[in-house]
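Thanks, everyone, for making the time this morning. I would like to walk through one model with you, taking the two chains in turn, and I will keep to what can be computed from it.

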Amino acid sequence: MKIAVCVKHVPEQARKIDPGTKRLDRSGEGAINPFDVHAVEEALRIKEARGGEVVIVTMGPQAAQDSVRKALAMGADEALLISDEAAEGSDLVATTNALAAALEKEGADLIVFGQQSSDSDGAVLWASVADRLRLPVISQVAELEVSDGKVRGKRQTEFGYDTIEAPTPAVLAVSDAINEPRYPSLKGIMGARSKPQRTVSVSELGVEGVGEAGSKTTVEALNDPPPRGDTVKIEDDGGAADKIVEFIAERKLL
Amino acid sequence: MSILVFLEHHDSELLKPSLGVLSKAATLGEDATGVVLGSGVKEIASQAGKFGAAKVLVVDKPELEAPLPQPRVDALASIVEDRGFDTVLFAASVLSADVASGLSARLQAGLNWDLTDLVQENGILIGKRPALGDSVLVDVGWRSEPRLALIRAGTFDPQETGGDAEVEEFDAQFEDFSTAATMVERAHAESEGPSIEEADVIVAGGRGLGAPENFKLVEELAQALGGAVAATRAVVDAGWYPYSTQVGQTGKTVSPKLYIACGISGAIQHKVGMQSSGVIVAINKDPNAPIFEYSDLGVVGDLNEIVPKLTQLVRQRRS
């Protein structure tokens, strides 16, 4: 079974938006999106149980190799990085176009995503990629069963638990409740360097609609968020409960 | 603008966050149209009229029985192509995020998410999106039509404006891959109160409660206020309370009118999930807890004493 895991390289520290490009400043140190580590872990567990290979797929600057190496050190077999200046500034539609083109060539039985990206708070990419690839998708999977030719995922929604089944090939997004990711072993870290790491450009993928030119959304302006009013802070002298009731009653919330 | 609003439903009721978005849409466009997708849903479609829909489109098909996203993408894509809507709005949920994203790829249409407002500036639609832990408010736009947007749950209140909606059935066909995933089981907990996405009042508990059994204090206060109970990641991880109630970056984002935080220090992880609440009251014994920086009323004290008293006072006031 071939499993592709899509990971994102995200800024590690003090995140800020570049006022010039109005894009997230990605110049500092980066790391693998923590939610994606659960996707890597789940793929490795499937491989260990059923055999096969795990390929890491990412799109980003060359620095994204750091994230790729972490996934390889955990035990993934190989990696594919879509890296191209022409891909910069891609929004959801443009990222989907590029990623789907790369994944189509990989021909994996399972394509696994983490539950959200920590930088853009996006939790949408799997469904758009699945649509582009014309594959079934199950998102927010907290428990996964893989058997011959199908997957079954249990997930939490606003109303309780759903169990959903889909034939493979399929796209999955796993929640961070699904597993406790392993730490890479020293041997894994040493071995990661010699694993195959391919880089492809947008033109090599032969796909249109990538990068800023293919993006359908814009960032118009950056503003300060509306300030909250001042905090009224009190110490309980036995009358705090009365004061809370008064406070919320004044605001017609009782 | 011709706006289509995706109206999510559960147990034969249209959901409040969807109706809130519909009411907002009615103030933006000429005529807002709602769309209800499901099986046996013609009856509930008419509920949308009084929240501002001039028209409700209904696709009533067995393929739409289970709340799965992909057949909904097929139906919405057909509707948008046939009727030429230039904007499609969704209230964020597990289901609608996947529907909006799939539709974005299908129609090559821009999707902006986590919006907390929609405004028109010189006739152009602009979305307001808090980003980077809500430290910056980004104005986002669209380059093509249709424009797709996911609105943060609880952002807009449904406004009952009266009115009747014309209900029209629409026929849709489904792609093979869209119906490949199937619902095997739905195990839905019987909830006693409102869900945290829909509640006007939330009482939340954190590690400061000291022990899982002390969630009783939080539950009693929530019940007295007619609200829902929420929890922090720390206590969910510790197994004190179910994940479905988790508020924060890895849980749900909520914006009730009143949020009472009991024994919650207020780490950034939690803050991003609740800071857009109307009024925030925090009770914590640590005077330096970060939650006091973004509370409207901060109470330094022992929640084991304050919360039961508060519950009792609320009961008295409401009886």
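Before I name any domains, let me say that the bounds I use for them come from an automatic or database domain assignment. Please also keep in mind throughout that this is a predicted model.

With that said, the assignment divides chain B into domain 1, covering 3-179, and domain 2, covering 201-318. The C-alpha centres of domain 1 of chain B and domain 2 of chain B are 31 Å apart, and the contacts between them involve seven residues of domain 1 and nine residues of domain 2. If we sort by class the side of domain 1 of chain B that touches domain 2 of chain B, we find one nonpolar, four polar and two charged residues.

Finally, chain A, which has eight helices and 13 strands, and whose C-alpha trace spans about 65 × 45 × 40 Å along its principal axes. Chain A has 254 residues, of which 47% count as buried, and among its contacts with a separation of 6 or more, 71% are between residues 24 or more positions apart.

Methods: Residues numbered from 1 in each chain as written. Chains lettered and ligands numbered in written order. Predicted model: local features only at pLDDT ≥ 70, side-chain atom pairs only at ≥ 80, totals over all residues. Helix = DSSP H or I, 4+ residues; strand = E, 2+ residues; numbered from the N terminus. Buried ≥ 20, exposed ≤ 12 C-beta atoms within 10 Å, placed from the backbone. Contact = placed C-beta atoms within 7 Å. Nonpolar A, V, L, I, M, F, W, Y, C, P; charged D, E, K, R; others polar.
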